[in-house]
Every structure is written in C-alpha cells, then in structure tokens.
Amino acid sequence: MEVSVDIIRELNDTKLQELIECDEDTYNVLRTEADKVRRERYGTEVFLRGLIEFTNYCRNDCYYCGIRCSNKNANRYRLSKEEILDSCRSGYKLGYRTFVLQGGEDLYYTDDKICDIVSSIREEFEDCAITLSIGERSYDSYKAYYEAGANRFLLRHETADEKHYRRLHPDSMSLDNRKKCLFNLKEIGYQVGSGFMVGSPFQTTGNIVSDLRFLQELEPDMIGIGPYIMHSDTPFKGYDNGKVSMTLRLISILRLLFPYALIPSTTALGTLSPTGREDGLKAGANVVMPNLTPVKYREKYEIYENKICTGEEAAECRDCLERRIERAGYKAVTSRGDVKSLIK
Ligand code: SAH
C-alpha cells in the first residue's frame, strides 16, 4: 500500500481502519513517510515541555484513572504557588521555555488562584509559554486564565465515541461537554491540544477512526496519545494495557494527517517499553515532556501503575531525555516551540 499525506487524507473510514490494522511492512512504509513529513516541517527539532503535576486531587471518577476521587489509596497532595514557581525556576535554568501545569480537576484551585499562579509565572518568565491541563471548566474561567497569560491548553477528548465514552466514565461526566470545552478553548485563542488513550478498555478500531475524525474536525495544534495502562485501584483492575506498537503506528498516521502538529512522545510509551519514547520520536512525534514536579510528590501523581521518571531530579531527567532524543537521531531544542500553523 502506498502512503502519503495526500493519499491518507482522502481515505474513507473503511480504508482508514484497514491502515490502522495494517501489517508490519505497510507500517514500515508509513513510519518512513511520517518521519519524512516531520523533517520537512520541523527538521530534527524536538521541543521540551517542563511538566509540573501540581495536584492529584480530582473531583472526577474516570474508571481508568488512578487519581479518580473514589481511590481511597491515593495519597493526595497540592503544590503551593511558591512550589510551582520554584519548579518553573528550575525548569528555566534547564532551558525549558514551556511550562505545563497539569492536575486532577481540583476546585481548591479557584479561578482566582489559577489566575494568580498564571500571572505570576507570566510576570517572571515573559518569554515562556504557559500551558494548562486542568480539565473541564466554564468558558469564562478559560477566558480569565487566557487573559492572565496562559497560551495553551491540553484536554484529551479520551474517546470520541459516545458509547465508548460511557463505558469509561460515570454518568456525571459528558462527552458533549468535553468537546464543547475544546471548541471554547479554541475560540478564546488558546493553542489547543487533544488526544486519546490507545487500547483503553472496550476500544475498537472503529472508535479510533472516530477519534481521528474528531481531531480532523477540531484541528488541534497539539495531539497527545499514549497507551492505556492499568491501575489496580480502579474498576479496570486486571484489564490489558494498550499496545506500544499500535500507539506508534497511530503516531505515524497522526503525523501524516496533521503534518504541522506538535505530537509528544509520552511517558506512558516509555513506561511500557524501555525505548518507547525514542520509538515515538522515530514514528513522527516531536515533543517530550520532562518532569519538573518536586521529587517528593512525583510518585503520588499515579494515574497509572509503574510510571517511570518518579525518582529523578529535574536536571537528571533533562539529561536522560536529551540523550534519548540524540540516540533516536534528533535534537532537543529550547525554543518555545509554537505550532507552525502558518504552514498548515
Ligand atoms: N485532569 C486533566 C488531566 C488528566 S491526566 C484532564 O482531565 O485533562 C492526563 C491524561 O492522562 C488524561 O487525559 C488521560 O488520557 C491520561 N490517563 C489517565 N489515566 C490513564 C491510564 N490509566 N493509562 C494511560 N493514560 C491515562
């Protein structure tokens, strides 16, 4: 089978499904083409995003997630504003020019608190991008954070299929609202990231086709995917993990469908395979997210089991990732790394 940006964009759902399920030979062609397109757009650059997991409190109860509110074994923590700023300071020294504040949906951080944190980071690190990944909030809240200085927002849609969504989430949550949030964020002016888990329980290849179609409708600037990984303190205890190989081929398909996109090679990939993140880069990813969370909290942000990189200080984490990036044949860069949207 021949694959290129033009061919892949024209595939109907059946053909796209066939491509997702393709044999190893076709995947090799796909990966080579994805790497070519990535080099045309972004050269060998890999952007670094300093990740600060600032709270593991969450009001939601997603069946797959280890920090769901019903998990009484989760050891909860929150970072103070000073701890967050200190993490940014360490990250800045290491050359990071994007800070990603990620957490459970924790309403302890009111709009005022988020705005205060964001504007303090903005004031101290003028040349940096601030990314929020704090789940679903109202249009007005998102707008307030944007006005306080946030530039980007990560909110994976998780699955674009209503029936599948219902099997992963309690009734209190809704796919419509999640999608609405993504369009609101876009309208406000954020660079928006979305994505989904690969191999989450009950996921079919048809569901993945819906995920790709939804992403085509949304046209996000950033697309994050990673394998689903089981956590024993969830209703999905004992379910199989997602597959690294499927995640890699989807990264290649994403690169061809969205040549301009910023696509991370995720920690979840590295958790399931020692070379997972290198392989993700070779498959078409161009972002990595070194962890900046103070080490004493790291293990507590356990959305899935056996998460890697929980013991290293920020500097070690950076060195390790830089070596991995170089081994894969690319170059870590410290620029802000905004999406090259002009050449969409
Ligand atoms: N509360 C924020 C951040 C969630 S954590 C939000 O709602 O966006 C970031 C991502 O981790 C989630 O979007 C989900 O896709 C992923 N995740 C959660 N549990 C996981 C698991 N068990 N395995 C793999 N990825 C998981």
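Tyr139, Tyr142, Lys143 and Tyr146 in α6 meet Cys181, Asn184, Leu185, Glu187 and Ile188 in α8, where contact means heavy atoms within 4.5 Å. This is a predicted model, in which local features need pLDDT of at least 70, side-chain atom pairs count only at pLDDT 80 or more, and totals for chains, interfaces and linings use all residues. Residues are numbered from 1 along each chain as its sequence is written, and side-chain values use heavy atoms, with hydrogens and water left out. Helices (H or I, at least four residues) and strands (E, at least two) are DSSP runs numbered from the N terminus.

**Helix α6 with helix α8**

- The contact of α6 with α8 divides into six nonpolar, one polar and two charged residues; Ala, Val, Leu, Ile, Met, Phe, Trp, Tyr, Cys and Pro count as nonpolar, Asp, Glu, Lys and Arg as charged, and the others, Gly among them, as polar.
- Helix α6 (residues 139–148) and helix α8 (residues 175–188) cross at roughly 40°, and their axes come within 10 Å; axes are lines fitted to C-alpha atoms, for helices over the stretch in contact, and angles run from 0 to 180 degrees between N-to-C directions.
- α6 and α8 make a right-handed crossing (right-handed if the near helix is turned clockwise from the far one by less than a right angle, left-handed if anticlockwise).

**Helix α9 with helix α10**

- The axes of helix α9 (residues 205–218) and helix α10 (residues 244–257) lie 12 Å apart, at an angle of about 30°.
- That angle makes α9 roughly parallel to α10; the classes are roughly parallel under 35 degrees, roughly antiparallel over 145, roughly perpendicular from 65 to 115, and oblique for the rest.
- The crossing of α9 and α10 is right-handed.
- From α9, Ile208, Leu212, Leu215 and Gln216 meet Leu250, Ile253, Leu254 and Leu257 of α10, giving seven nonpolar, one polar and no charged residues.

**Helix α12 with helix α14**

- Helix α12 (residues 276–283) packs against helix α14 (residues 314–327) at about 45°, with the axes 9 Å apart.
- α12 and α14 are therefore oblique to each other, and their crossing is right-handed.
- Arg277, Glu278 and Leu281 of α12 meet Leu321, Arg324, Ile325 and Arg327 of α14; three of these residues are nonpolar, none polar and four charged.

**Pocket and cavities**

- The largest pocket holds about 150 Å³ of space; on a 1 Å grid over the protein atoms alone, a pocket is an open set with protein on both sides within 12 Å along at least five of seven lines, a cavity is a set of points where a 1.4 Å probe fits but cannot get out, and lining residues have an atom within 4 Å of a point.
- Residues lining the largest pocket include Val198, Phe202, Tyr239, Asp240, Lys243 and Met246, and the lining has five nonpolar, four polar and two charged residues.
- The whole structure has two cavities of 30 Å³ or more.
- The second largest cavity has a volume of about 70 Å³, and its lining includes Leu51, Glu53, Arg277, Cys317 and Leu321.
- β2 (50–55) and α14 are the elements that give two or more residues to that lining, which has seven nonpolar, two polar and three charged residues.

Terms used
Points joined across faces, edges and corners; volume = space filled by probe spheres on them.
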